[in-house]
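Colleague: I'd like to learn how to read a fold like this one, feature by feature. Can we start with the picture?

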Amino acid sequence: MSVIPSAPDPFARDRGGPAQPLLSVSGLYKHFPVRKAGGKKQVVRAVDGVDFDVLKGETLGIVGESGCGKSTTAKLLMGLIERDSGSLLYDGQAVGERVMPWRSYRRQVQMVFQDSYASLNPRMTVEQSIAFGPKVNGVSGREAVERARALLARVGLEPKRFAGRYPHEISGGQRQRVNIARSLALEPRLVLLDEAVSALDKSVEAQVLNLLLDLKAEFGLTYIFISHDLNVVRFISDRVMVMYLGRVSEIGPSDTVLDAPAHPYTEALLASMPSLDPDNRTQAALLQGDPPNPIDPPSGCRFHPRCTLAEPICSEKEPPLDTVGPLHRVSCLARQPGSGHSAAPARALAA
Amino acid sequence: MTAPITAASMALDGGVLSAGDTAPEAAFVPSRGFWGHVGHRLVRDPVAMGAGALILLVVLIAILAPWITPMDPYKGSMLRRLKHVGDATYWLGSDELGRDMISRLMLGARLSLFIGVTPVLIAFVIGSAIGILAGYVGGWLNTILMRTIDVFFAFPSVLLAIALSGALGAGIFNSIVSLTCVFVPQIARVAESVTTGIRKRDYIDAAKLSGASPLTIMRVQVLGNVVGPIFVYATSLISVSMILASGLSFLGLGVRPPEPEWGLMLNTLRTAIYANPVVAALPGVCIFIVSIAFNLFSDGLRAAMEIRQ
């Protein structure tokens, strides 16, 4: 008897076929109002026009500095905060409309949070936390508990020993396994992992990453994996999206983006990774200072004040997200032929 | 694809359960849970246990009073008025109508405890509901509820209790109603601030993502986390409530004679304060001791609940 019924067949609930993106995000905006001392109303442009697709069965990594809008994007995708504008298409159906209300969307899309402790109710046992979701969705109490135990076993926690524990009684890695089990309790197709392994130490992180890969294969999941750790993203992702100040600066296959980046920001991010080779140490930081204030972002290309390729045109013209290679899109004038940037044509040919 | 998982199949390959962060442990230790830990720590607090024992004793006396009073608490004697403490017949003296003080104090514990504890209990339920609702929903509902409650805070609680009791008229029921009205805003304020503190936690977000309704989230996810601090605050209000209730009776707004109630007894014995000050002070001593006991117990409870979250 299977306790997790429909999970093993990922295509049972598929509508549009494998070529249709599982989630298609377009024109996503979220501005948070802030009031300055002067009394003038201003906004933080946390997410400022983001478009991307999540393909069926892939892992899409999202990287960027702190404050680039990664987590806001995650919350917008989950509907935890309301978007200002933009649309979400889930397997071809508009989320929030009558065909796909938030309630049924959320049954298919779940999230794992960064803070393994804050995301578990301290007054509930591990088992109760996992069984809560199925219970409120009409699964009988006994069946929900049974499902929770099976999931605990599946994420590597012996149910007999862990089911009755409280969050403060188990380790960080174990808690994150519980969170993963909970996210799977509603049999989702898409799981959003928001810095899900960032707070774990390296050995535990590796185990949890392997667990995530196993679960993905077993349940036919699709992942959106948000992280600031490029090594982890390279390990787990099929495609990578780089965000900067609420915009997408580059998106493409992991190998292309992380080995031959086209955007100077991605280059700088990669160069800032510490190297294990003593002869290959970075001496000077490529990225100077903090990202600009998202209340008052730079004109034109938002990266131009920190960019080594910046030219006058960069502060005037906003670079569109253009295709430069197979599945590879970049928003940088220096990579786009005919953009007016002096480096554009030659570089475009080289790429 | 892989075979479906069941608890049974997992038990077979239990050895494959990834090692490492699932640290090996000798045996399964049943978890005590939060309240188990609190109880465990409370039992080891001598002051709280002493206060708790005293409260229990007073409650027992109150319940058993009609059967254990040494004399009839209503039967007076004009010849034996205002006997001193230590009298051979009247161990704690007699009151201005010659009634046995110890019997009246024992029977008086019933009403004093009843009108001291009941308003706090009712206010605990109503105030928690209002506070959790305001704290969890937030926005305009929070503004409306909390500003309304702020109106009650404009008056000192003694004045508010007297005003409400005066408006409703004397009597036990009315004094309970007016005291409840005094405590609801105070408890709601605490409940609101505790709830606001946990509203933004990730586990509440996770519960929203599972599709639970706000009411279910409040009941299952919020209540368990806020009920402790609210309860501690409520127990600390019992002493205030007892004093206010006695005050109302003293002013003639609560219990009516000849029913024994500590506040009312203070009032009627007031005329004898020069003739026999010790006996006149006895009901006050009772109020004082029981209030202190409730306060100490509530302090102990708060300390016991300060466990790493």
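**Reading the packing**

Colleague: Which residues does A:Leu152 contact, leaving aside its neighbours within four places in sequence?

Modeller: Two residues are in contact if their C-beta atoms, placed from the backbone, lie within 7 Å. With neighbours within four places left out, A:Leu152 is in contact with A:Ile130, A:Leu157, A:Pro159, A:Phe162, A:Ala163 and A:Ala181. Bear in mind that this is a predicted model, where local features need pLDDT of at least 70 and side-chain atom pairs count only at pLDDT 80 or more, while totals for chains, interfaces and linings use all residues. Residues are numbered from 1 along each chain as its sequence is written, with chains lettered from A and ligands numbered from 1 in the order in which they are written.

Colleague: Which residues have the most contacts inside the largest nonpolar core?

Modeller: In soluble globular proteins, nonpolar side chains tend to be buried together. A nonpolar core is a set of buried Ala, Val, Leu, Ile, Met, Phe, Trp, Tyr and Cys residues joined through C-beta atoms within 7 Å; buried means 20 or more other C-beta atoms within 10 Å of the residue's own, again placed from the backbone. Here the largest core has 166 residues, and A:Leu152, A:Leu192, A:Ile224 and B:Ile187 have the most contacts inside it. Helix α4 (residues 101-137) of chain B supplies the largest share, 17 residues; helices (H or I, at least four residues) and strands (E, at least two) are DSSP runs, numbered from the N terminus.

Colleague: In what order do the strands of the open sheet in chain A run?

Modeller: Strands of a sheet pair through backbone hydrogen bonds, either parallel or antiparallel. Two strands count as paired if DSSP finds at least two bridges between them. In chain A, 8 strands form an open sheet with mixed pairing, in the order β6-β7-β8-β3-β9-β10-β12-β11. β6 (109-112) and β11 (322-325) of chain A are at the edges with a single partner strand each, so one side of each has no neighbour in the sheet.

Colleague: How many bridges join β3 and β8 of chain A?

Modeller: β3 (residues 59-63) and β8 (residues 222-226) of chain A pair in the parallel sense over 4 bridges. A:Thr59 sits opposite A:Tyr223, and A:Leu60 opposite A:Ile224. On β7(A), the pairing with β8(A) is also parallel, over 5 bridges, with A:Asp194 the bridge partner of A:Ile226. β8(A) is largely enclosed by the rest of the structure, because 5 of its 5 residues are buried. A:Thr222, A:Ile224 and A:Ile226 point one way, A:Tyr223 and A:Phe225 the other.

Colleague: At what angle do α4(B) and α9 of chain B cross?

Modeller: Two packed helices are described by the angle between their axes and the distance between the axes. Axes are lines fitted to C-alpha atoms, for helices over the stretch in contact, with angles from 0 to 180 degrees between N-to-C directions. The axes of α4(B) and α9(B) (residues 214-250) come within 7 Å and cross at roughly 145°.

Colleague: Where is B:Ile187 found?

Modeller: B:Ile187 is in helix α7 (residues 172-199) of chain B. B:Ile187 counts as buried because it has 25 C-beta neighbours inside 10 Å. Beyond four places in sequence, B:Ile187 touches residues including B:Ala123, B:Phe124, B:Gly127, B:Ile230 and B:Tyr233.

Key. Buried ≥ 20, exposed ≤ 12 C-beta atoms within 10 Å, placed from the backbone.
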